[in-house]
Amino acid sequence: MKTILLILLTFVNLTGFGQILTADTIFGNGGQTLSPVLSGAAGGSCTNVFKLSDNSILLCGYYYDINSNAVFNLMLKTDACGNIDSSFGSNGFVKHTFDQRNSGYDYALQADGKIVVCGSQADGNAGSQQFPFVARYLANGIPDTTFGVMGTNKINYLGPNDFTSVYILPNGKLLCTNGTFMMR
């Protein structure tokens with residue numbers, strides 16, 4: 001009897017409090033926000049989603065534009081209801097590359113609202129030209145030209161590689177890694 005009661009309570013608990021996955025129709029347009037910036041996109045990834053202090057949402061990642069044969073860091077900012085925040089970047093979007101290819105694999109937010117990104121940066125398609133990089137954008141999505149060289153720091157001497165994670169340490173310094181090596 002105790003076993004049956006326990007199974008019944010577990011079932012009620014799982015079904016009674018489970019979340020139904022349907023679109024929230026008051027978010028964006030019918031539950032979704034679409035990016036007109038991605039026309040011509042052949043691939044990419046959203047790598048991070050941040051809820052900001054004002055309840056706005058910042059999506060970050062990268063994508064490959066087949067038309068220009070370039071990879072861009074990509075950021076999209078919406079308000080809490082999924083409406084694009086036109087005060088961020090260019091009409092709510094940042095589509096930016098420091099070279100022909102910038103794949104932003106990980107993003108982090110500094111306490112002052114600046115956005116840090118790391119990944120792979122290259123001035124061409126060859127794998128031997130792809131180097132780890134760390135870059136920083138201002139809170140409005142504009143590259144922070146006081147960081148590195150015009151906003152980016154490409155680490156050529158590490159050879160072909162990338163950074164896959166960036167951490168902001170308590171003292172404000174950055175720690176980048178790819179699981180094999182770290183750099184601060």
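**Close-up views of a predicted model**

Residues 24 or more positions apart account for 43% of the contacts in the protein chain with a separation of 6 or more; contact means heavy atoms within 4.5 Å. This is a predicted model, in which local features need pLDDT of at least 70, side-chain atom pairs count only at pLDDT 80 or more, and totals for chains, interfaces and linings use all residues. Residues are numbered from 1 along each chain as its sequence is written, and side-chain values use heavy atoms, with hydrogens and water left out.

View 1. Helices (H or I, at least four residues) and strands (E, at least two) are DSSP runs, numbered from the N terminus. Along the sequence the pattern is α-β-β-β-β-β-β-β-β-β-β-β. Of the 184 residues, 36% are buried. Buried means under 20% relative accessible area, exposed over 50%, and partly exposed in between (1.4 Å probe, protein chains only).

**View 2. The largest nonpolar core has 14 residues.** Such a core is a set of buried Ala, Val, Leu, Ile, Met, Phe, Trp, Tyr and Cys residues joined through side-chain atoms within 4.5 Å. Leu58, Met75, Tyr107, Ile115 and Tyr137 have the most contacts inside it. Strands β2 (57-65), β6 (115-122) and β7 (131-137) each give two or more residues to this core. The largest share, three residues, comes from β7. In soluble globular proteins, nonpolar side chains tend to be buried together.

**View 3. Tyr137 touches residues from several stretches of sequence, among them Asn73, Val94 and Ile142.** Its other partners include Met75, His96, Phe98, Lys114, Ile115 and Val117. Pro143 and Asp144 are also touched by Tyr137. Residues up to four places away in sequence are not counted here. A second, separate core of eleven residues includes Cys118, Phe147, Leu174 and Cys176.

**View 4. Asp65 and Lys95 meet in a salt bridge (3.7 Å, N to O).** A salt bridge is a side-chain nitrogen of Lys or Arg within 4 Å of a carboxyl oxygen of Asp or Glu. The structure holds five. Asp65 lies in β2 and Lys95 in β4 (residues 93-96), so the pair ties together parts that are 30 residues apart in sequence. Asp65 is buried at 6% relative accessibility, whereas Lys95 is partly exposed at 38%.

**View 5. Lys77 and Asp85 form a salt bridge at 3.5 Å, N to O.** Both residues are buried.

**View 6. Asp99 pairs with Lys154 in a salt bridge, the closest N and O atoms being 2.9 Å apart.** Asp99 sits in the loop between β4 and β5 (101-109), and Lys154 in strand β8 (residues 152-154), 55 residues apart. Asp99 is partly exposed at 22% relative accessibility. Lys154 is partly exposed too, at 24%. Elsewhere, salt bridges that share partners join Lys114, Arg136 and Asp144 into one network.
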